[in-house]
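Hi,

Here is the structure I said I would pass on. Have a look at it first, and then read my notes on what turned up.

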Amino acid sequence: MPGQKTSQMLIIDKLYKGQMPGKEELLKLLTSHGSEDEEYLFKLARKVRERTYGKAVYIRGLVEFTNYCRNNCYYCGIRRSNSNICRYRLSDKEIYNCCDEGYGLGLRTFVLQGGEDAYFTRERLCTIIENIKKKHPDCAVTLSVGERDYKDYLAWYESGADRYLLRHETAMEWHYNKLHPAEMSLSHRKECLFMLKEIGYQTGAGFMAGSPYQTPECIVEDLYFLHGLKPHMAGIGPFISQKDTPFASQNNGTLKQTLFLLGIVRLMLPDVLLPATTALGTIAPDGRKKGLLAGANVLMPNLSPVYARDKYNLYDNKASAGEESAQCINLIKKCIESAGYIMDLGCGDCIVK
């Protein structure tokens, strides 16, 4: 019958109604949906995000302040074994200058992101956070510096950090072990996420779409983990290979799969802050716009000094100009408006109803 819903649409309806489908249902949705199912999902995802956040798209200023990292993740271009990378650390003054510039552009959230760099001790980061908040008390500070201990997380929170991003990458242990060296563990990554929520951070998790060895069953577990964690933010972006890693020859994730997952996460976590990531903008020129139309409501343009942007090469051909650059705020606004939304430069906290 014309207009009859597919079985995949009925699973999407469950998500829309706040019901978590069974794992077999999610597996079916992930592996056998068609273009009509995609459009149906995206339509409902837009409806849900507008119910909570209206037409607002929040802008975060990204400061990539160090590309030193103690870890050796197999997918990451700043892994410690990469001897071809030009390492850098921003000085405290450079970090403050980035925030000052962002503030002048109207931004009210700064994301301090870096590798797990021991140079930035608990005390050093406390000082940086305190100074940013002292000068810009109406701003939110987000940290994304990996796995640290409880005392570090607590000290930074007490110094004024508001949010913390730590993607879990995969919720299946065997898959985690395929992506990371033996000294890293999924259990510790999850422990850190629960610590962050306990302390009071607005906490972000997430995973790569199309990472090496990923199966549809892996993605089902990722979705179930996010549903249980109930993060305030979720970062879902495509895997993109980097030439100096063990995964240099692996296929990249796709725009199509990433968009479908954004739509599912929006229905599953209606209040979540969901970025259209830089990786999405890298893999397709209109990736960010399509991400917004799939349910995303956050963009994170780059505030880092121009000299540093091509050195923070988590993956190859990373976009850092045009709509990816905070200095091009008018281009960002144009992209948002072309999707039918409105740029919001405020703090943009997670709204939990």
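A quick definition before the first find: a charge counts as sitting over a ring if NZ of Lys or CZ of Arg is within 6 Å of the ring centre and within 35 degrees of the ring normal. By that test, the charged end of Lys23 is placed over the ring of Tyr224, 5.1 Å from the centre. Arg89 does likewise with Tyr68, its charged end being 3.9 Å from the ring centre. Bear in mind throughout that this is a predicted model.

Now the overall picture. The protein has 14 helices and nine strands. Its radius of gyration is 19 Å, close to the 20 Å that the globule rule gives for 353 residues, so the protein is as compact as a globular protein of that length. If you want a box, the C-alpha atoms fill one of roughly 65 × 45 × 35 Å along the principal axes. Of the 353 residues, 58% count as buried. Take the contacts between residues at least 6 apart in sequence: 75% of them join residues at least 24 apart.

On to the aromatics. Searching the whole structure gives 10 aromatic pairs. One of them is Tyr164 with Tyr201: the ring centres are 5.7 Å apart and the planes are at 75°, which is over the 60 degrees needed, so this pair is edge-to-face. Tyr164 belongs to strand 5 (residues 163-165), while Tyr201 is in the loop between helix 8 (186-199) and strand 6 (202-209), so to speak a link between distant parts of the chain, 37 residues apart. Are these two buried or exposed? Tyr164 is buried, with a relative accessible area of 0%, and Tyr201 is buried too, at 1%. Both also belong to a cluster in which ring pairs link Tyr153, Trp156, Tyr157, Tyr164 and Tyr201.

Another edge-to-face pair is Tyr213 with Phe247, with centres 6.2 Å apart and planes at 65°. This one also links distant parts of the chain, 34 residues apart. Tyr213 sits in the loop between strand 6 and helix 9 (216-229), and Phe247 in the loop between strand 7 (233-238) and helix 10 (255-268). Phe247 is buried at 5% relative accessibility, whereas Tyr213 is partly exposed at 42%.

Most residues other than glycine have a negative phi. Glu169 has a positive phi as well, near 75°. You will find Glu169 in the loop between strand 5 and helix 7 (173-179), and it counts as buried, at 8% relative accessibility.

Which order do the strands of the open three-stranded sheet have? The order is 8-1-9, with parallel pairing. Strand 8 (298-299) and strand 9 (342-344) are the edge strands, each pairing on one side only. Strand 1 (residues 56-59) pairs with strand 9 over three bridges, in the parallel sense, and Tyr58 has Asp344 of strand 9 as its bridge partner. Helix 14 (residues 329-338) lies across strand 1, strand 8 and strand 9, and runs at about 135° to strand 9.

Cheers

Key:
Residues are numbered from 1 along each chain as its sequence is written. This is a predicted model: local features need pLDDT of at least 70, side-chain atom pairs count only at pLDDT 80 or more; totals for chains, interfaces and linings use all residues. Side-chain values use heavy atoms; hydrogens and water are left out. Rings of Phe, Tyr and Trp (its six-membered ring) pair if their centres lie within 6.5 Å; planes under 30 degrees apart count as stacked, over 60 as edge-to-face and the rest as tilted. Helices (H or I, at least four residues) and strands (E, at least two) are DSSP runs, numbered from the N terminus. Buried means under 20% relative accessible area, exposed over 50%, partly exposed in between (1.4 Å probe, protein chains only). Two strands pair if DSSP finds at least two bridges between them. Contact means heavy atoms within 4.5 Å. Axes are lines fitted to C-alpha atoms, for helices over the stretch in contact, and angles run from 0 to 180 degrees between N-to-C directions. The radius of gyration is taken over C-alpha atoms; the globule rule is 2.2 Å times the number of residues to the power 0.38.
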